[in-house]
Amino acid sequence: MRILDKTVYVGPSLYAHFPVIKLDIDLGPLEDWPSGKLGPRFTDPLVAALPGLKLHGCSYGKPGGFIRRLTEGEGTWMGHILEHMALELQNVAGESVTFGKTRSQGPRGHYYVVYQYEQEDVGVEAGRLALTLLHSLLPPELQPEGSIPAGFDFAAERD
């Protein structure tokens with residue numbers, strides 16, 4: 001997965017009436033790997049790293065909804081997971097953000113990931129760290145080359 005473009009909206013936009021960040025992403029080969037196909041070897045470490053994901057309501061509108069999306073059936077796609085990770089990382093940092101939308105657009109595997117932020121630098125950094133963490137949790141054969149810095153320590157970066 002790679003970010004093709006990033007736009008920071010500081011006020012009302014087509015996507016929301018409050019500040020959001022839009023990432024234009026290309027899933028590449030990950031388009032063929034929703035979370036259900038990766039299974040617990042991906043989802044369990046993800047939830048262990050960001051336990052607050054258990055509280056995300058997602059489309060079900062109640063706590064646990066995102067975990068259902070992540071684990072039931074074919075699961076959900078990596079852009080949607082990135083969205084929730086970016087939101088949760090901001091929550092861990094003390095921001096209270098909940099809004100996000102991920103929609104396919106253009107060629108196969110291309111998505112817009114839109115998520116709320118309160119403080120721009122925190123929101124941008126949350127997106128960057130979410131992507132690095134996501135890549136680190138993938139099986140080695142699916143990790144994009146050069147996507148994980150040497151000595152990556154999620155806990156240290158999060159803190």
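Which residue with a positive phi follows helix 4? I looked it up: Gly94 follows helix 4, and its phi is positive, near 100 degrees.

**Ground rules.** I am working on a predicted model, where local features need pLDDT of at least 70, side-chain atom pairs count only at pLDDT 80 or more, and totals for chains, interfaces and linings use all residues. Residues are numbered from 1 along each chain as its sequence is written, and side-chain values use heavy atoms, with hydrogens and water left out.

**Helix 4.** I took helices (H or I, at least four residues) and strands (E, at least two) as DSSP runs, numbered from the N terminus. Helix 4 covers residues 78-92, which is 15 residues. I checked its span from first C-alpha to last: 21 Å, close to the 21 Å expected at 1.5 Å a residue. The expected span is 1.5 Å times one less than the number of residues. Next I looked at burial (buried is under 20% relative accessible area, exposed over 50%, partly exposed in between, with a 1.4 Å probe and protein chains only).

**The core.** A nonpolar core is a set of buried Ala, Val, Leu, Ile, Met, Phe, Trp, Tyr and Cys residues joined through side-chain atoms within 4.5 Å. The largest one has 38 residues. Which members touch the most others? I found Met1, Phe42, Met78, Ile81 and Leu134. Elements giving two or more residues to this core include helix 4 and helix 5 (120-137). I then followed Leu134 (contact means heavy atoms within 4.5 Å). Leaving out residues up to four places away in sequence, Leu134 touches Met1, Phe42, Met78, Ile81, Leu82 and Met85.

**Aromatic pairs.** Rings of Phe, Tyr and Trp (its six-membered ring) pair if their centres lie within 6.5 Å; planes under 30 degrees apart count as stacked, over 60 as edge-to-face and the rest as tilted. I found 2 aromatic pairs. Tyr9 and Tyr15 have ring centres 5.6 Å apart and planes at 55 degrees, so this pair is tilted. Phe18 and Phe99 are edge-to-face, at 5.3 Å centre to centre and 85 degrees between the planes. That pair links distant parts of the chain, 81 residues apart. Phe18 is partly exposed at 29%, and Phe99 is partly exposed at 21%.

**Charges over rings.** Here NZ of Lys or CZ of Arg must be within 6 Å of the ring centre and within 35 degrees of the ring normal. Lys22 lies over the face of Tyr112, 4.2 Å from the ring centre. Arg68 lies over the face of Tyr60, at 3.8 Å.
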